[in-house]
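Subject: Structure handover

Hello,

Please look it over alongside my notes below.

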Amino acid sequence: SARAPVEGVLCLDVSGSMGGGKLGMVKKTSEMLVDELGSKDTLGIVAFETNVHVVFKTARMTQEGRRAAKAAIRGMHTMGSTNLSGGVLEAIAMLKGESVLEVGSSSAGGSVRRLS
């Protein structure tokens with residue numbers, strides 16, 4: 001039987017501590033996950049370091065969606081410190097449809113948003 005559609009957001013650490021091949025493994029694994037998603041599934045991608053970045057706005061994983069998600073994953077690189085809580089809170093906001101960050105923008109100064 002068919003599975004229920006997946007609605008997810010990857011929350012990925014791109015802080016300086018992810019250097020030395022760690023980020024490469026994360027990228028490879030993330031691309032493998034994208035390959036497993038179908039056209040009824042949706043995915044967004046948040047990356048965090050000192051700041052939080054929306055790398056890929058939530059979209060259906062059609063052929064074009066998967067291509068765009070993989071391009072966004074490949075474009076990530078390490079920088080900054082680790083703001084895990086900010087990254088997780090933005091991922092939750094994306095799932096709730098409450099994200100205020102645009103692709104390419106970031107939270108300033110490692111800020112953390114409060115969800116009600």
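**Overall fold**

The chain's secondary structure amounts to three helices and three strands. Helices (H or I, at least four residues) and strands (E, at least two) are DSSP runs, numbered from the N terminus. Along the sequence they come in the order β-α-β-β-α-α.

This is a predicted model, where local features need pLDDT of at least 70, side-chain atom pairs count only at pLDDT 80 or more, and totals for chains, interfaces and linings use all residues. Residues are numbered from 1 along each chain as its sequence is written, and side-chain values use heavy atoms, with hydrogens and water left out.

The chain has 116 residues, of which 40% count as buried. Buried means under 20% relative accessible area, exposed over 50%, and partly exposed in between (1.4 Å probe, protein chains only). Accessible areas come from the Shrake-Rupley method with a 1.4 Å probe; for residues, only the protein chains shown count as cover.

Now contacts (heavy atoms within 4.5 Å). Take those between residues at least 6 apart in sequence: 71% join residues at least 24 apart.

**Helix H1**

H1 covers residues 22–36. Its 15 residues should span 21 Å at 1.5 Å a residue, and the end C-alpha atoms are 22 Å apart, which agrees. The expected span is 1.5 Å times one less than the number of residues.

Which residues of H1 are buried? They are Leu23, Lys27, Ser30, Glu31 and Val34. Seen down the axis of H1, they fall within an arc of 100 degrees, so they line one face of the helix. The arc is that of the directions from the helix axis to the C-beta atoms. Their cover includes S1, S2 and H2.

On the other side of H1, Met25, Lys28, Thr29 and Glu36 are exposed. Lysine 28 has 58% relative accessibility.

**Helix H2**

H2 runs over residues 63–74. It has twelve residues and reaches 17 Å from its first C-alpha to its last, close to the 16 Å expected. Gly65, Ala69, Lys70, Ala72 and Ile73 are its buried residues. Down the axis of H2, these lie within an arc of 160 degrees, so they line one face of the helix. They pack against helix H1, strand S2 (42–48) and strand S3 (52–60).

Lysine 28 is in H1, and lysine 70 is in H2. They are 42 residues apart along the chain, and their C-alpha atoms are separated by 9.5 Å.

**Salt bridges**

How many salt bridges does a search of the whole structure find? It finds four. A salt bridge here is a side-chain nitrogen of Lys or Arg within 4 Å of a carboxyl oxygen of Asp or Glu. Here are some of them.

- Arginine 3 pairs with aspartate 41, with the closest N and O atoms 2.5 Å apart. Arginine 3 lies in the segment before strand S1 (7–13) and aspartate 41 in the loop between H1 and S2, so the pair ties together parts that are 38 residues apart in sequence. Arginine 3 is partly exposed at 48% relative accessibility, whereas aspartate 41 is buried at 2%.
- Lysine 70 pairs with aspartate 35 (2.4 Å, N to O). Lysine 70 is in H2 and aspartate 35 in H1, so the pair ties together parts that are 35 residues apart in sequence. Lysine 70 is buried, with a relative accessible area of 17%. Aspartate 35 is partly exposed at 44%.
- Glutamate 64 pairs with arginine 67 (2.6 Å, N to O). Both lie in H2, three residues apart, about one turn of the helix. Glutamate 64 is partly exposed at 47%, and arginine 67 is partly exposed at 48%.

**Surface patch**

Leu84, Val88 and Ile92 form a nonpolar patch on the surface. Together they have about 230 Å² of accessible area. Patches are made of residues with over 30% relative accessible area and no salt bridge; like charges are joined within 9 Å, nonpolar side chains (Val, Leu, Ile, Met, Phe, Trp, Tyr) within 5 Å. Isoleucine 92 sits in helix H3 (residues 84–95). It is partly exposed, at 35% relative accessibility.

Best wishes
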